[in-house]
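Please look over the sequence and the structure shown here, and then read the briefing that follows, which is grouped by topic.

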Amino acid sequence: MIDVERIRRDFPILGREVYGKPLVYLDNAATTQKPQCVIDAISEAYCNVNANVHRGIHFLSQQATDMMEAARDKVRQFIGAGSTGEIIFTRGTTESMNLLASSFAQAFLKEGDEVIISGMEHHSNIVPWQIQAGRYGFKLKVIPVTDLGELDMDAFSAMLSDKTKLVSITHVSNVLGTVNPVSEIISLAHSRGIPVAVDGAQSVPHIKVDVKELGADFYAFSGHKIYGPTGIGVLYGRKELLEKMPPYQGGGEMIKRVTFEKTTYNELPYKFEAGTPDYVGSIALATALDYVQAIGLDTIAQYENELCDYAISKLTQIPGMRIIGNSEHRSAVVSFLVGNIHPSDMGTLLDRLGIAVRTGHHCAEPLMDRMGIPGTVRASFSFYNTKAEIDTLSAGIERVKRMF
Ligand code: PMP
């Protein structure tokens with residue numbers, strides 16, 4: 001059971017007003033708010049242990065290094081990875097996917113090869129592949145999305161071939177809320193020896209993820225969407241693959257020995273972490289993961305599913321309401337359109353009532369084209385949201401409707 005009132009007191013921003021109205025924050029898929037313990041961890045790191053990591057022999061540098069490496073181990077444990085060498089700190093999911101696309105393509109992809117993505121990907125799991133496809137000449141194949149907002153699994157099976165070198169897929173759609181059958185996708189791909197990368201930006205904060213149990217070869221997520229700071233994220237990769245992949249960036253930290261003739265690279269994960277890392281970010285991310293674990297991901301998933309079901313039952317009572325994405329397998333996101341009201345008009349007017357939702361294409365323009373819509377209004381939930389806030393959203397939508 002979630003004690004929402006107690007949890008809300010951990011998040012200072014939830015007590016504020018906007019336009020003289022209590023803030024109703026329903027934009028959690030874009031970024032989550034931060035509990036006081038995460039804010040304190042950042043402040044504590046700068047107040048007491050700030051020093052550059054890894055290269056220093058002095059006390060503070062070692063302490064900061066130990067804390068960063070403990071954070072790496074926390075991430076490893078949180079997602080069920082085998083070793084800390086498989087946990088690469090990045091700036092976020094976007095950088096994780098760019099690193100992956102760049103290094104994987106350089107190591108493994110050539111003309112005639114194919115990479116499979118899906119029709120519901122965020123731009124960060126489309127464009128990095130397009131950039132590399134332009135360089136190496138491989139082709140992108142796209143799994144179609146059904147009217148319900150699910151992946152067409154028959155089409156996916158039919159797409160797999162000897163040419164397929166990687167499947168890169170989102171676990172949860174940031175627009176439709178659909179939870180994709182990632183285990184099934186991985187089994188199908190693995191039965192042909194094809195590795196699978198998973199964009200976990202919208203799954204890790206909401207459902208228990210165990211990369212080993214799933215069998216994912218790569219898994220990416222962002223700290224700021226799981227109550228941690230901005231500017232820190234993770235790419236998990238299976239050691240056997242990471243070892244065969246070249247560095248993404250060059251510089252300090254990622255080398256073993258540099259001469260003008262030849263440079264050798266550091267061991268995993270440092271080979272992929274050029275330059276001073278955001279060690280404060282990783283320390284605070286570990287605090288956020290501890291916070292989430294203390295509540296429990298099963299408890300979180302159950303509560304957020306309840307919120308989602310409640311939101312759908314409330315919103316579908318509004319005449320003219322059209323929910324975009326109707327999969328049974330859903331997590332924490334509800335996208336919708338009402339009558340002919342443009343999503344940005346709806347969002348702007350809801351904002352005046354203190355309700356923060358996101359509107360537009362949600363960095364998934366191909367999915368908007370597939371659905372034949374310009375964008376949606378998206379309400380996305382966290383364990384600190386309440387049914388009363390969903391009532392406020394529903395009343396807000398009714399009010400906006402009356403204005404049109
Ligand atoms: N993938 C998905 C599914 C997302 O929802 C997002 C963020 N909207 C991203 C990737 C990109 O994450 P970030 O901006 O934190 O790099």
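The structure holds 0 disulfides, a disulfide being a pair of cysteine sulfur atoms within 2.5 Å. This is a predicted model, in which local features need pLDDT of at least 70 and side-chain atom pairs count only at pLDDT 80 or more, while totals for chains, interfaces and linings use all residues. Residues are numbered from 1 along each chain as its sequence is written, and side-chain values use heavy atoms, with hydrogens and water left out.

**Cysteines**

- Cys47 is exposed, with a relative accessible area of 60%, whereas Cys363 is partly exposed at 31% (buried means under 20%, exposed over 50%, and partly exposed in between, with a 1.4 Å probe and protein chains only).

**Ligand surroundings**

**Polar atoms facing the ligand**

- A polar side-chain atom of Thr94 lies 2.6 Å from an oxygen atom of the ligand, and for Thr93 a backbone N or O atom lies 3.4 Å from a ligand oxygen atom.
- Asp199 places a polar side-chain atom 2.5 Å from a nitrogen atom of the ligand.
- The ligand taken alone exposes 400 Å², of which the protein buries 85%, with areas from the Shrake-Rupley method and a 1.4 Å probe.

Technical notes:
A polar contact is a pair of N or O atoms within 3.5 Å; within protein, one must be able to donate a hydrogen and the other to accept it, and residues adjacent in sequence count only if both atoms are side-chain atoms.
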